[in-house]
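Let's take a friendly tour of a protein and the molecule it holds. Have a look at the picture, then read on.

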Amino acid sequence: MAVNPDTSLPNRHRLVIGATGAGKSQLIRELIPASGVCLLGWDTDEDHPGHHYASRAAYAKAVAAALRSGRPFRLLWAGANDLKTWEWWCGLAFAALDGRRPTELLVEELADVSPTAGKASPAFGELIRRARKYNGGLTLATQRGTEISKTVYTQCAEYWIGRVEATDLRHMERLTALPADRIAGIDNLHYVRKRGADVTFHRLEFHGKRRYLTELTD
Ligand SMILES: Nc1ncnc2c1ncn2[C@@H]1O[C@H](COP(=O)(O)OP(=O)(O)OP(=O)(O)O)[C@@H](O)[C@H]1O
Ligand SMILES: [Mg+2]
């Protein structure tokens with residue numbers, strides 16, 4: 001069970017949408033600092049740096065030890081990718097939240113664990129609805145915006161939209177209120193960011209090993 005609720009905390013939940021290769025994981029590496037944060041992740045393809053686990057017992061033990069240590073951690077689940085395991089991970093992530101310490105909750109490929117586009121599954125629903133008050137911020141990635149729960153769209157404060165599949169174009173037009181050709185013209189590593197009524201355009205660039213996220217003025 002999460003502890004220390006604080007209803008004044010801001011909603012930091014965000015959703016990154018884009019087809020394979022659009023640059024979601026690269027963007028997330030830019031959005032979440034590589035060190036100094038407390039991070040729990042659902043990362044079954046091992047796209048992110050950190051310690052990965054495929055055994056529930058070993059993962060739960062590592063999370064408990066990390067919370068006791070009071071130091072930053074990056075602990076990612078890379079085991080089974082089924083709904084039962086997902087619900088277990090969501091429950092564990094919620095229980096780990098402590099209102100005093102910001103915790104990043106990173107979820108890759110949400111569509112894989114989304115049975116329908118309707119209401120969220122129970123533990124995921126509780127996590128996304130209640131994590132804010134306990135200083136948890138979800139960063140969710142999906143290749144297909146139409147296949148994930150509608151609860152995600154009511155709970156996220158920010159959206160990053162990259163190059164999307166044709167089947168997602170209408171949905172993204174409605175979300176951003178941008179014209180169809182503007183959404184259809186998004187290239188890999190380009191993103192539209194929507195925060196409330198504020199819509200801005202961004203690009204990720206690589207220079208050697210360094211990555212830069214720049215805002216475009218167009
Ligand atoms: N060092 C780099 N220099 C230039 N481009 C890079 C570099 N690393 C990754 N990319 C580009 O990033 C994109 C892949 O990004 P990423 O893996 O984040 O995609 P994704 O949206 O997460 O895909 P998936 O859904 O398959 O996981 C590709 O377009 C690739 O060309
Ligand atoms: Mg990825």
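How far does a backbone N or O atom of alanine 22 lie from an oxygen atom of ligand 1? The distance is 3.4 Å, within the limit for a polar contact (a pair of N or O atoms within 3.5 Å; within protein, one must be able to donate a hydrogen and the other to accept it, and residues adjacent in sequence count only if both atoms are side-chain atoms).

## Before we go on

This is a predicted model, in which local features need pLDDT of at least 70, side-chain atom pairs count only at pLDDT 80 or more, and totals for chains, interfaces and linings use all residues. Residues are numbered from 1 along each chain as its sequence is written, chains are lettered from A and ligands numbered from 1 in the order in which they are written, and side-chain values use heavy atoms, leaving out hydrogens and water.

## Around the ligand

Glycine 21 also has a backbone N or O atom 2.9 Å from an oxygen atom of ligand 1. For glutamine 26, a polar backbone atom is 2.8 Å from a ligand 1 oxygen. Of the 650 Å² of accessible area that ligand 1 has on its own, the protein covers 61% (areas come from the Shrake-Rupley method with a 1.4 Å probe).

The residues surrounding ligand 1 include Thr20, Lys24, Asn188 and Phe206; to be near, a residue needs a heavy atom within 4 Å. Helix H1 (residues 24-31) gives the most to this shell, with three residues. Helices are DSSP runs (H or I, at least four residues) and so are strands (E, at least two), numbered from the N terminus.

## An open pocket

The largest pocket has a volume of about 240 Å³, the space filled by probe spheres set on grid points joined across faces, edges and corners. A pocket is an open set of points, on a 1 Å grid over the protein atoms alone, with protein on both sides within 12 Å along at least five of seven lines; lining residues have an atom within 4 Å of a point.

Here 17 residues form the lining, and Ser25, Asp47, Glu108, Glu109 and Gln143 lie nearest the centre of the pocket. H1 gives the most to this lining too, with three residues.

## A bridge across the sequence

The whole structure has nine salt bridges (a side-chain nitrogen of Lys or Arg within 4 Å of a carboxyl oxygen of Asp or Glu). One of them joins glutamate 30 and arginine 211, at 3.2 Å from N to O. Because glutamate 30 lies in helix H1 and arginine 211 in strand S10 (residues 210-216), this pair ties together parts that are 181 residues apart in sequence.

Terms used. 1 Å grid on protein atoms, 1.4 Å probe; cavity = no way out; pocket = protein on both sides within 12 Å on 5 of 7 lines; lining within 4 Å.
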